[in-house]
Amino acid sequence: MSVLDSIRDKVSAKERLTFDDGVALFRHPDLLAVGALANEVRERMHGDRTYFNRNMRIEVTNVCVASCLFCSFAKLEEHSPGAHTMSLAEAWSELEQRMDDPPTEVHIVNGLHPGLPFSYYEELLTGFKRIKPDVHMKCFTAVEIHFFARHYGMTYEEVLVKLRAAGLDSLPGGGAEIFHPEVRTRISHDKATADEYLEVHRVAHRLGIRTNSTMLYGHIETFEHRVDHMLRLRDLQDETHGMQAFIPLAFHPDGNGMKNLPAPTAVDDLRTLAVSRLLLDNVPHIKAYWVSLTPDVAQIGLRFGADDIDGTIVHETIYHAAGSSSPQGLTYDALVRLIREAGRVPVERDTLYNVVREHAPNALPEAAMKVKDRKAARHLAVVSGS
Amino acid sequence: MQYLNARPLYEGLDREPASARVRLDLALPSEVARRIAEDEADVALMPVAAAATIGDLRIARGMAIGARGRVRSVVLVADRPLEQIEELALDLSSRTSVILARLVMRARRGGKEPRLIGCSSADAIASVGGVRGALVIGDPALALEGRFPHVVDLGEAWMQETGLPFVFAAWCGRPGALSPQDESLLLEAKTHGLARRDAIAADHAERIGRPVESIRSYLHDAIQYELGDDEHRGLERFFDEASRAGLLPKTRVRFFDDDAPHSAPAARRESPSLDKLLARASEGERLSAAEGERLLADAGLFDLGLASDAVRRRKHPHDVVTYIVDRNVNYTNVCTTSCRFCAFYRPVGHAEGYVLTRDQLRAKLQPVVDAGGVQILLQGGLNPDLPIGWYEDLFRWIKSEFKLGLHALSPEEILHIARQESLTVAKVLERLHEAGLDSVPGGGAEILVDRVRRKIAKAKCTSDEWLGVMRVAHQMGLRSSATMMYGTVDTARDRMNHLVKLRDLQDETSGFTAFFCWDFQFEKGTTLTPGDNGTMLYLRQQAVARLMLDNIDHVGASWVTQGPEIGQVALRFGADDFGSVMFEENVVSSAGTTFGMNADSMETRIRAAGFKAVRRNVRYDWLNEPA
C-alpha cells in the first residue's frame with residue numbers, strides 16, 4: 001500500500017495524521033491527489049460554504065525593535081527614513097472615513113515600538129469602539145503582547161485583561177513564522193520564542209479570547225519544520241480549542257534580508273494549504289489569505305482545503321512592502337464573485353464566524369456555461385444534404 | 001449532385017401538410033452538421049460520423065440512407081488488388097465514408113492501412129495508378145463504373161465483414177427536437193419520395209448525362225431507405241468499431257422516442273455515469289462535443305486535472321515541460337478590423353499608428369539572438385499600406401541578418417494579404433514560405449463559431465476561412481499552433497464546437513503542433529464585457545481541451561494571460577509546455593495584463609511543479625537535455 005493510500009484510509013476513518021504523514025504529503029509528487037484529499041476533508045467540515053468578512057487593516061506604526069530577516073515593513077527607529085507612527089486621531093480617521101460602508105472588523109498589527117506608552121494602545125482601542133461600538137477589534141499579535149508584557153512590566157494575563165477592558169476582542173495569528181529553533185533563531189532571533197508565542201495564545205484562550213495562527217513558509221525552512229510547526233499548534237489546540245483559523249503565509253522576498261531567495265511558487269502555496277487542512281484536524285478553518293497568495297491562487301486554494309479567503313482588507317502595507325502584486329483591497333462584490341467562480345457558496349461572517357449573510361449558491365461558472373433550453377419554434381428547421 | 005440519394009427523403013417535405021410546418025434548406029454535408037452542432041437547425045439528414053462527433057443526438061426511426069450490400073456510390077478503385085495498395089488518395093472531409101474505408105481496409109489487410117493522402121475528389125481519381133488507389137464517392141463513383149480493374153464496393157464489403165447493412169445518413173437532432181407528429185411528417189414525405197424515384201432518376205440522369213436505368217436501379221436497388229432492426233444493428237456495429245479504432249467518440253444509437261416517458265426502460269438508456277466518462281477520457285478515448293460539454297459543466301476540478309494529467313503523461317511520458325526562448329514582435333498596430341476585445345490596434349491614419357523600422361526591429365531581434373533565442377513570433381494588424389513585397393523583403397532581411405525561426409502571420413493576416421493582392425491563400429503562403437516563413441501562429445482563432453465571431457470581431461474572417469488557411473499551410477508542410485480565446489459571448493457548447501473543428505482539421509492534416517487557450521482579457525479601451533471567466537474556469541477549460549484534442553501533441557499553459565502562478569498550476573491540468581520567455585508582448589499587455597518571466601524563473605516554476613525543464617524550438621524538438 002502506498003503512503004498516500006494509507007493516509008487516505010486514515011482520512012476516511014477520521015484518524016489523526018502523524019508527523020511522517022505530514023512530511024510524506026509535502027513530498028508526494030502528485031499535487032492533485034493531495035489536494036483532492038484535503039478537499040474531501042474541507043467539504044466534510046464545511047460543504048461548499050466559504051467564509052469572508054468586511055474588514056480593514058491598519059498598521060499604526062512600523063517602528064520595530066526586532067530585526068526579522070524576512071521583513072520589508074519594519075523600520076528600526078522613529079526617525080529612520082520611512083518610519084511612521086500614526087497619531088491616535090490619524091488611526092481613528094481610517095475607520096471614520098469608512099463609516100458609510102463600515103467594516104465589521106478592524107485588524108491592527110504593528111511594529112514593536114519602544115517609545116510609546118501602554119496607554120496609547122488602550123486609547124487606540126477605546127477610540128475605535130467610540131466610533132463604532134459593535135466593531136470587532138482583532139489587534140496585536142502574540143509577539144506584540146509578549147513585547148508589551150516585557151516592556152511595560154506585566155504578565156501576559158495582565159496585558160490581555162487591560163487591553164480587553166479597553167476594547168480588544170481577539171488576537172490575529174501573526175508572528176508565528178516558523179517555530180523550530182533551527183529556523184527561528186536565524187530569521188527572527190530577537191522577538192518572542194515559539195514557547196512564548198504559544199503561551200500568549202494559551203493565556204488568551206483561557207481568558208476566552210479567540211485567536212488565529214499563522215506560519216511563514218517558503219524561505220529557509222524544510223518540510224519537516226513546517227510539519228513540526230503545525231503539530232505544535234495542533235497540540236495547543238487539543239488543550240484549549242481557542243484557535244479559529246490557521247493561515248499559511250507565503251514568504252515574499254522583495255526588500256528584506258532574504259531577498260536572494262525565490263518566493264514559493266503557487267504549487268507550493270496550494271500544497272501547504274492542503275497539508276495544513278489534513279494535519280490540523282482540530283482547527284475549524286483554513287484561510288487562503290488572498291493578499292499573500294494573489295486572488296487567483298487563493299481562488300484555487302478554495303479547492304485545496306481552504307474554506308476562508310479573508311476580507312475586503314482595504315489597505316494592506318506589510319505584504320505590499322515585500323513586493324506583493326495583489327491589489328490592496330477587494331470590494332465586497334469582487335470577493336463574492338471570486339468565491340462563486342470557484343463553485344462555492346459565499347458566506348459573509350463576522351470575526352467569530354457568526355454568519356452575517358449567506359449568499360445564494362450560485363454555481364458560477366458552470367451554470368452560466370450551460371446552454372439554455374431551446375425555444376419552441378413555430379417552424380421545424382430542417383436541413384438536408386448527404 | 002450530392003443530393004441525389006437524399007431526394008426521396010426530403011422532396012415530399014414541400015407538400016402539405018409538411019410544408020406548413022417545415023422550413024427546408026439544402027446544404028453540403030459539412031454545413032448540415034455544423035447547423036445542428038451550432039443549434040441553427042432542429043433536424044438534419046446528416047452523415048452518421050458527424051452525428052457521433054456532435055454527440056448525444058437522437059435519430060428518427062424508419063428512415064435512413066443505407067445499403068444492404070452493394071451501394072455503388074462509395075468505392076475504392078485501383079489498378080491492382082486492394083492488398084497491394086500502399087497509398088490511398090481521398091477527400092478526408094467525407095468522414096463517414098473515410099472511416100468505413102479505413103475499417104474495411106484494416107479488416108481485410110490484417111489491421112494494416114495504406115498511407116492516406118488527403119486531396120480533392122477529382123485529384124484523387126486522377127492520381128490512381130501503381131500502388132496508389134482512391135476512395136470515390138457519389139456521382140463520380142457511378143460515372144467510373146467499369147473503368148478500373150479493381151473496385152471494392154464498401155457497402156458490399158461491410159456486408160461481407162459484418163453480415164449487416166450499412167447506414168450512411170439519417171435524420172438527426174438534439175433530444176426533443178422532433179415530436180412524434182413531426183416524425184410522422186418525415187415518414188409521409190419518405191413514402192411520397194420513394195414513389196417518385198423513377199421521376200427523380202429521370203431528372204438526375206438528364207442533368208448529369210448518364211443512362212437513366214443506371215440511376216433508377218441505384219435508387220431502387222442499391223440505396224436502402226429503411227431504418228429497421230438490421231440497420232440499427234449495422235449502425236451500432238459501425239459506431240462500436242469506429243470508436244474502438246479511435247476514429248469516433250463512443251456512441252450508442254438513440255431514437256427520438258427513446259426519451260418518451262412511456263418507452264420501455266431498455267430503450268430509455270441512461271447516459272453513462274460521469275465516472276465512466278472520466279475514465280474513458282483519461283484512457284485517451286475520443287470524446288464527442290456533448291461529452292466535452294458535460295465534463296466542463298459537471299466534472300470536479302480534481303477529476304478533470306487528474307484525467308488531463310494522465311493523458312499528458314501518456315503522450316509525454318518523460319515528465320518534461322518545454323518552453324521556448326523567443327520574442328513576440330508586433331510589426332504594426334495599424335489595423336482595419338476593430339475587434340471589440342482588442343486594446344492594441346489603431347485605425348489607419350491614427351497618430352499612434354506605427355510600422356517598425358529595420359532599426360527598431362534590429363534593436364528587438366539582436367537581444368533575442370544574444371539570449372540564445374531561437375525564433376520570433378511576428379504578428380501585426382491588418383495594415384492596408386503594406387504590400388506582399390514588404391513582407392517578403394522583411395522575411396529575407398530577417399533570415400539573412402539573424403539566425404532565428406520565423407513564426408509569423410496569423411491566418412487573418414495571410415487572408416488580408418491575399419485579398420489585397422488578389423492572390424490565392426496558397427500563392428501567398430508559397431511566396432512567404434519562399435521568403436523565409438517557417439510556421440504559422442494560431443492566433444485570431446478566437447472561437448471558431450461564426451455567430452460568436454460576428455458579435456466580437458465583425459470584420460474578421462469566418463471560421464471556415466481561418467481553418468482553410470491552416471489547411472493550406474499544413475498541406476504545404478508548414479506547421480502551426482492552434483488557439484482559443486473564450487469568455488466573451490461564447491457558451492460551453494461553442495467552445496466544444498471550436499475544439500472539434502480543430503480536431504477534425506487535425507485528422508486531415510496533422511499540421512497543428514500545440515494548443516493554447518486563454519480567457520478574454522478585459523480592459524478599458526475594449527468595448528466588450530467579459531463573461532464569467534476566472535481562474536477556476538481556465539484550469540477546467542484547459543483540462544477539457546487536453547481531453548478533447550486527442551490528436552494534437554502539445555498543450556501549453558498561457559502564463560502570459562493567467563500569470564506565472566496560475567500558469568504553473570495549469571501544468572498539472574494537462575499542459576506539457578510553458579510557452580515562451582517574455583521579452584515583450586504588446587497585445588495582451590495593452591489590455592492591462594502585464595506579467596514577466598525570464599528563463600530561470602520559468603525553469604524554477606517548472607521544477608517546483610514536479611517536472612524537468614527543456615528548451616524547445618517551434619516544432620517542439622528538445623534543444624537540450626531535460627534538467
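Reader: What covers the buried residues of H17(B)?

Author: In this predicted model, the cover includes helix H16 (358–370), strand S15 (405–408), helix H18 (411–421) and helix H19 (425–435), which belong to chain B. The buried residues of H17(B) are B:Tyr391, B:Leu394, B:Phe395 and B:Ile398. They lie on the same side of H17(B), because they cover an arc of only 95° around the axis.

Reader: Which exposed residues does the face of H17(B) turned away from its buried side carry?

Author: That face carries B:Gly389 and B:Ser400. The helix itself comprises residues 388–401 of chain B, and its 14 residues reach 20 Å from the first C-alpha to the last, close to the 20 Å expected.

Reader: Which residues are buried in helix H11 of chain B?

Author: In H11 (residues 212–222), the buried residues are B:Ile215, B:Tyr218, B:Leu219 and B:Ala222. Their arc around the axis is only 120°, so they are on the same side of H11(B). Among the elements of chain B that cover them are helix H1 (7–10), strand S4 (65–67) and helix H10 (197–208).

Reader: How does one describe two packed helices?

Author: One gives the angle between their axes and the distance between the axes. Here, helix H14 (residues 289–298) and helix H22 (residues 492–509) of chain B pack at an angle of about 130°, with axes 9 Å apart. H14(B) and H22(B) are therefore oblique to each other. The crossing in which H14(B) passes H22(B) is right-handed. Residues making the contact include B:Gly292 and B:Leu296 of H14(B), and B:Met496 and B:Val500 of H22(B).

Reader: What should I look for in the backbone itself?

Author: Most residues other than glycine have a negative phi, and most peptide bonds are trans. In this structure, the peptide bond from B:Glu16 to B:Pro17 is cis, with omega near 0°. B:Pro17 lies in the loop between H1 and helix H2 (18–21) of chain B.

Reader: Where does A:Thr294 lie, and is A:Thr294 buried or exposed?

Author: A:Thr294 is in the loop between helix H12 (290–293) and helix H13 (295–301) of chain A. Its phi is near 80°, a positive value in a residue other than glycine. A:Thr294 counts as buried because it has 22 C-beta neighbours inside 10 Å.

Reader: What is the phi of B:Asp56?

Author: B:Asp56 has a positive phi of about 55°, although it is not a glycine. This residue is found in the loop between helix H4 (48–54) and strand S3 (58–59) of chain B. With 18 other C-beta atoms within 10 Å, B:Asp56 is partly exposed.

Technical notes. Residues numbered from 1 in each chain as written. Chains lettered and ligands numbered in written order. Predicted model: local features only at pLDDT ≥ 70, side-chain atom pairs only at ≥ 80, totals over all residues. Helix = DSSP H or I, 4+ residues; strand = E, 2+ residues; numbered from the N terminus. Expected span 1.5 Å × (residues − 1). Buried ≥ 20, exposed ≤ 12 C-beta atoms within 10 Å, placed from the backbone. Arc of directions from axis to C-beta. Contact = placed C-beta atoms within 7 Å. Axes fitted to C-alpha atoms, helices over the stretch in contact; angles between N-to-C directions. Parallel < 35°, antiparallel > 145°, perpendicular 65-115°, else oblique. Left-handed = near helix turned anticlockwise from the far one by under 90°.
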